[in-house]
Amino acid sequence: MRPTTTCQTETLLSGDSCDLQYCPDCKMIHMILGAVTLHLPEVNFQQFARDLEKGVYKLKSRERTSHDLFNDPIITMHS
């Protein structure tokens, strides 16, 4: 739902991929992704951030398990 008044936001982050702003009046996080802005209640923003963190962790785990140990010249196999 779009706020009915103009928000007076505080910038939390100006990052490479998005900007994060907080509006104390509507108590929403404004996540600006280029031409798209999401207005999220703080609790939903925190859940979204945890979900992103889990996704990054799984992606990094996938990259580690796809590493071929037998072709790595640094690893020595002992029997």
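Analyst: Two strands count as paired if DSSP finds at least two bridges between them. Keep in mind that this is a predicted model. Here, strand β2 (residues 19-23) and strand β3 (residues 28-33) run antiparallel and are joined by five bridges, and within this pairing C23 stands opposite M28 in β3.

User: How many residues lie between β2 and β3 in their hairpin, and which residue in the turn has a positive phi?

Analyst: Four residues lie between the two strands of that hairpin, and K27 in the turn has a positive phi of about 55°.

User: Which residue of β4 does M31 stand opposite?

Analyst: M31 stands opposite L38 in β4. Strand β4 (residues 36-41) runs antiparallel to β3, with six bridges joining them; β3 and β4 also form a hairpin, with two residues between them, and G34 in its turn has a positive phi of about 65°.

User: Is L38 buried, partly exposed or exposed?

Analyst: In a regular strand the side chains alternate between the two faces of the sheet. For exposure, the cut-offs are under 20% relative accessible area for buried and over 50% for exposed, with partly exposed in between. L38 has a relative accessible area of 33%, so this residue is partly exposed. Together with L33 and V36, L38 makes a nonpolar surface patch of about 220 Å².

User: And is S14 buried or exposed?

Analyst: S14, found in strand β1 (residues 10-14), has a relative accessible area of 58% and is therefore exposed. The C-alpha atoms of S14 and I32 are separated by 9.5 Å, while these residues are 18 residues apart along the chain.

Key: Residues numbered from 1 in each chain as written. Predicted model: local features only at pLDDT ≥ 70, side-chain atom pairs only at ≥ 80, totals over all residues. Heavy atoms only, no water. Patch = residues over 30% accessible without salt bridge, like charges linked within 9 Å, V, L, I, M, F, W, Y side chains within 5 Å. Areas by Shrake-Rupley, 256 points an atom, 1.4 Å probe, with all protein chains shown as cover. Salt bridge = Lys/Arg side-chain N within 4 Å of Asp/Glu carboxyl O. Buried < 20%, exposed > 50% of the residue type's maximum accessible area, 1.4 Å probe, protein only.
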